[in-house]
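I opened this notebook to record what I looked up in the structure, entry by entry. The model is shown first, and my notes follow.

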Amino acid sequence: MIRIHTLFITISILAIFGCTTSTDFNVSDLKCENLVQPLGIDKATPRFSWKINSNSTGSIQKAFHILVASEASLLKENSADLWNSGKVQESNSIHVSYKGKNLKSGSTAWWSVRVWDQEGKVSAWSEPARFSIGLLNEDDWEASYITFNTENGYRECPQFYSTFEADELESDYYLHVNSLGYHEVYVNGKKTGTGVLAPAVSQFDKRSLILTYDLAPYLRIGSNELIIWLGSGWYTEGLPGVVNNGPVVKAQVEKINNDLQETILATNDTWVGRKSSYTRHGNWRSDRFGGEIIDGKLASDDLKSETNNNTWQPVSVIDVPTHSVTPQMTEQNIIADTIHPIDIQKIGADTFLIDMGKNLTGWLNIDFPELKNGQEVKMEYCDHLVDGKKFNDRKQYDLYIASGDGRENFINKFNYHGFRYVRLTGLHEQPEANSIEAYLIHTGFEDASGFECSDPDMNAIHDMLQYTLKCLSIGGDFVDCPQIERLGYGGDGNAMTVTAQ
């Protein structure tokens, strides 16, 4: 139904435009600030890019026409209320600057483009694309930084809870999150978006990043529950700009209806917090990135608003030193591939060696056989076996402490590993291969090109390098080996820096 509805809207818009178009070429891959339909960009004068597809050799763009409107339904030549560029005699299709009415923080817009070729043929209008402006100024925020400090300090992965009302669902609802540390957002029990290990990396005495989420798909009329789940990540004791012994967040929900913007929820001392089932070990330093510990007894309550075992408690409002707080302008980290084990061997009475078949940067997901209350299962990770036999201990491990109550599952959330092999200790029976998955995680960029030739060795070298770079692209940077260092410096920084011509 959704696809049919979207197609109907697109066809209707093109019909309303009422232009004679060429079927030989079309416009696709619309991007705003090099991102696909971005929410919360860092400027009020965005730049647009697109690609031209043609069945004719040598086709070039000779002119373009851009429409920008506050609603998709207004993307018509006679009603685009933000910008109607008219026919512009220009071949450029990269970083074309917006020249319409002033856009303000938090606003949203839709745009579409058509082009003319060297023979004067005009394409159909592109499918509409959306973008929104982030919170660009300190005055745009009504929210305060909040934290939930415990004796576990930066090891804690707390949850923060509040509710807000939605009296109608026709408006846009955006959540802006500025977390010092990783975060995930849940609305009415459902995770928003597909990003993981968010936000990207920054140095907190200089900059922290804002991510914007579209809440509309998750809302219901009346009261809505919002949980923001935090993990320290790079916001760890002793690193630059870290002033609190635990992760920190500032967030607010904006309701937008045409030109009207209203803040309907902001973090403050009315929010409540609690421990989650996740804590972290290690201190986020070279060769000591540690892993995660999950308490199975708390896991079933993690996303419940009401629970007897883990009650909500008051949060603390804290001051954070002044620094640049800006929208994130790189793609989020994503789960890019699912990898299944190729071999599981029993190497001890309660120990098994899992071979995922290839190295990866990312997470492990495992459904356990039946466990007893308090039973501990340890998962250790390494990238290779010494002499093809001995487990190469890199001090990477996760720990699951069982509840003994039905199906139990482990999956990483606020840490990750570089690994091929997993040593599983504490199980009394061998896990099934179909109960184990690993997730390759990297910054959600698109492949720009590929390579293939008649030499299999050259193809293999290319594929190896391409896959290696994917494993080393996380948090918006190319990084050093993720199991040891995780920083983008030296040759890693040079590899991703634009070179002057």
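**Entry 1. Tyr 381 and Phe 419**

I began with Tyr 381, which counts as buried because its relative accessibility is 0%; buried stands for under 20% relative accessible area, exposed for over 50%, and partly exposed for what lies in between, with a 1.4 Å probe and protein chains only. Phe 419 is likewise buried, with a relative accessible area of 0%. Tyr 381 and Phe 419 form an edge-to-face aromatic pair, with 5.0 Å from centre to centre and 65° between the planes. For such pairs I took rings of Phe, Tyr and Trp (its six-membered ring) with centres within 6.5 Å; planes under 30 degrees apart are stacked, over 60 edge-to-face, and the rest tilted. Tyr 381 belongs to strand β26 (residues 376–382) and Phe 419 to strand β31 (residues 417–425), so the pair ties together parts that are 38 residues apart in sequence. Helices (H or I, at least four residues) and strands (E, at least two) are DSSP runs, numbered from the N terminus.

**Entry 2. Basis of the values**

I noted that this is a predicted model, in which local features need pLDDT of at least 70 and side-chain atom pairs count only at pLDDT 80 or more, while totals for chains, interfaces and linings use all residues. Residues are numbered from 1 along each chain as its sequence is written, and side-chain values use heavy atoms, with hydrogens and water left out.

**Entry 3. The chain as a whole**

I found 4 helices and 34 strands in the secondary structure of the chain. The radius of gyration is 25 Å, close to the 23 Å that the globule rule gives for 501 residues, so the chain is as compact as a globular protein of that length. The radius is taken over C-alpha atoms, and the rule is 2.2 Å times the number of residues to the power 0.38. The C-alpha trace spans about 75 × 65 × 45 Å along its principal axes.

Of the 501 residues in the chain, 49% are buried. Among contacts with a separation of 6 or more, 75% come from residues 24 or more positions apart; a contact means heavy atoms within 4.5 Å. The chain exposes about 23600 Å², of which carbon and sulfur atoms supply 48%. I counted 43 positive and 66 negative side chains, and the centres of the two sets lie 2 Å apart. Lys and Arg count as positive and Asp and Glu as negative, without His and the chain ends.

**Entry 4. Other aromatic residues**

Trp 284 is buried at 1% relative accessibility, and Phe 289 is buried at 4%. I also recorded one aromatic cluster formed by Phe 48, Trp 50, Phe 64, Trp 83, Tyr 98, Trp 111 and Phe 131.

**Entry 5. Backbone geometry**

Which residues does a cis peptide bond join? I found Ala 198 and Pro 199, with omega about 5°. Pro 199 is placed in the loop between β12 (190–191) and β13 (207–214).

I then noted Gln 37, which has a positive phi of about 45° although it is not a glycine. Gln 37 sits in the loop between β1 (25–32) and β2 (47–54) and is partly exposed at 40% relative accessibility. Arg 486, also not a glycine, has a positive phi of about 70°. Arg 486 occupies the loop between β34 (477–478) and α4 (491–496) and is buried, with a relative accessible area of 3%.

**Entry 6. Further loop positions**

Val 201 is in the loop between β12 and β13, and I found it partly exposed, with a relative accessible area of 34%. Apart from neighbours within four places in sequence, Val 201 is in contact with Leu 209, Trp 234, Gly 475 and Asp 477.

Gly 120 is in the loop between β6 (108–117) and β7 (129–132) and is partly exposed at 47% relative accessibility.

Is Glu 452 buried or exposed? Glu 452 is exposed, with a relative accessible area of 70%, and is placed in the loop between β32 (436–443) and α3 (456–471).

Methods
Areas by Shrake-Rupley, 256 points an atom, 1.4 Å probe, with all protein chains shown as cover. Charge placed at Lys NZ, Arg CZ, Asp CG, Glu CD.
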